[in-house]
Amino acid sequence: MTETWGARLAAYKNPDTLRSVWQLTSNAVLFVAACVLMYLSLGVSYWLTLLLAVPTAFLLVRLFIVQHDCGHGAFFRSSRAADIVGSIIGVLSLTPYHYWKKVHAMHHATSGNLEHRGFGDIDTLTVDEYLALSRWGRFKYRVYRHPAVLFGIGAVLHFFVRHRMPTIVPRDWTRERWSILWTDVWLAAFIVSMGLLIGFGQFLLMYVPLMALSASIGVWLFYVQHQFEPTYWEHDERWVYDDAALAGSSYYRLPRLLRWATGNIGLHHVHHLSARIPNYRLQEALDSIPELQRVTTLTLWDSLRCVRLALWDERAKRLVRFPRT
C-alpha cells in the first residue's frame with residue numbers, strides 16, 4: 001500500500017458543525033430527560049430508579065464521547081468551542097477536560113509501546129516483570145487486575161477520587177492542574193445546587209449509582225479497546241504507530257443500539273489511525289475501506305473472555321492469564 005493511512009482517511013476527518021450540534025443537543029436533552037425520570041421514579045420504587053440508571057449512564061457515556069472528540073479536535077472546527085463544551089461535559093463525567101486531553105493524547109502517541117506504558121491506559125506488566133515482583137507486589141497487581149476492582153471499586157475511585165486531585169499531574173502541567181481544580185469547583189457547585197433544589201438525600205440516591213455505573217462502563221470500554229487477543233505490544237525500536245492502531249486497538253462489533261450508546265468508540269482501530277475523525281463518521285470510514293474490516297473483531301461475548309488476560313508474554317507475543325504458581 002503506497003498511500004498512507006492518513007491520506008486514505010483524510011476525507012472523513014472534517015467535522016460537520018450542524019451534525020455535531022445536533023448530536024450534542026439531542027443527547028443532552030435525552031440525558032436530562034432520563035435524569036428527570038430517575039428523580040420521579042424515587043417516589044415509585046428505588047428499584048425502578050436503579051433500572052433507569054442503566055440507560056442514563058449510557059447517555060452520559062455518549063456525552064463523554066463528545067468530550068473525547070472535543071479533546072481530539074474532531075467535533076468542532078473551533079478549538080475554543082471544543083474546549084468550552086469539553087470542559088462543561090467534564091464536570092458531568094467527573095473527568096477534568098484539559099488534564100484528560102493531554103494524557104489521552106499521550107496514550108494515542110504511545111499505545112502498545114512497552115517503554116511508554118502508564119499514560120491513560122490499563123496497567124499491564126510483562127510476565128518477567130510480574131515474576132520479578134515480591135509476593136506483596138504480585139498480590140497488589142492481582143488485586144488491581146481483579147474484575148471486581150478494575151471495573152467496580154477501582155473505576156469508582158478513579159473517577160470519584162483520583163480525578164479530584166491536582167497532585168496526579170506534574171507541577172509544570174499548569175493548565176491541567178487548573179483544569180482539575182476548576183472542575184472540582186464547578187462539580188461542588190453543581191452538587192450543592194442540586195441538593196438545594198431537590199434535596200441532598202434524593203440527589204445522592206440518583207447520582208451515586210448513575211456515576212458508579214457510568215464509570216464502570218467507561219473503564220470496561222477502555223479495557224476491551226486494548227486488552228484482547230491477538231493484540232500488539234512492542235519495544236520502542238520496533239514499535240510502529242499504524243501497526244499499533246490496527247493490531248493493538250480492537251474492532252468491538254457491538255449490537256446497533258450499544259454502538260449508538262457508546263458513540264461508535266468500538267471502532268477503535270479506525271479512531272487510533274486517525275483521531276480527528278468525528279465519532280459519527282467512524283462507521284462511514286470503516287464501511288468504505290475493506291482493509292479496516294479485516295482486523296481482529298470482538299463480539300460482546302468475545303470481550304467477556306478478555307477479562308482473564310493479565311500479562312504480556314514477550315516470548316509468545318500475546319496477552320496471557322496469571323501463572324498458577
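Is Y130 buried or exposed? With a relative accessibility of 1%, Y130 counts as buried, where buried means under 20% relative accessible area, exposed over 50%, and partly exposed in between, for a 1.4 Å probe and protein chains only. The model is predicted, so local features need pLDDT of at least 70 and side-chain atom pairs count only at pLDDT 80 or more, while totals for chains, interfaces and linings use all residues. Residues are numbered from 1 along each chain as its sequence is written, and side-chain values use heavy atoms, with hydrogens and water left out.

A search of the whole structure gives 15 aromatic pairs. Rings of Phe, Tyr and Trp (its six-membered ring) pair if their centres lie within 6.5 Å; planes under 30 degrees apart count as stacked, over 60 as edge-to-face and the rest as tilted. One of these pairs is tilted and joins Y130 to F322, with 5.3 Å from centre to centre and 50° between the planes. Y130 belongs to helix α6 (residues 127-131) and F322 to the segment after β5 (318-320), so the pair ties together parts that are 192 residues apart in sequence. Helices (H or I, at least four residues) and strands (E, at least two) are DSSP runs, numbered from the N terminus. F322 is partly exposed, at 21% relative accessible area.

A further pair, F151 and Y223, is edge-to-face, with 5.3 Å between centres and 90° between planes. F151 is in helix α8 and Y223 in helix α10, so this pair ties together parts that are 72 residues apart in sequence. Both F151 and Y223 are buried.

Y130 and F322 also belong to one aromatic cluster with Y141 and Y144. The charged end of R142 sits over the ring of F322, at 4.3 Å from its centre; this requires NZ of Lys or CZ of Arg within 6 Å of the ring centre and within 35 degrees of the ring normal. The charged end of R8 likewise sits over the ring of W5, 4.9 Å from its centre.

Helix α4 covers residues 79-93, and its 15 residues should span 21 Å at 1.5 Å a residue; the end C-alpha atoms are 20 Å apart, which agrees. The expected span is 1.5 Å times one less than the number of residues. The buried residues of α4 are A82, D83, V85, G86, I89, G90, V91 and S93. They pack against several helices, including α2 (17-41), α3 (46-71) and α5 (97-110). At the start of α4, a side-chain oxygen of S78 comes to within 3.4 Å of the backbone nitrogen of R80.

Just after α4, L94 has a positive phi of about 60°. The backbone oxygen of L94 is reached by the side chain of H163 at 2.8 Å. Such a polar contact is a pair of N or O atoms within 3.5 Å; within protein, one must be able to donate a hydrogen and the other to accept it, and residues adjacent in sequence count only if both atoms are side-chain atoms. H163 lies in the loop between α8 and α9 and is buried, at 3% relative accessibility. Apart from neighbours within four places in sequence, H163 is in contact (heavy atoms within 4.5 Å) with L94, T95, P96, Y99, H158, I180 and D184.

The structure holds zero disulfides, a disulfide being a pair of cysteine sulfur atoms within 2.5 Å. The sulfur of C35 is 19 Å from the closest cysteine sulfur, that of C70, which is too far for a bond. C35 counts as buried at 18% relative accessibility, and C306 counts as buried at 4%.
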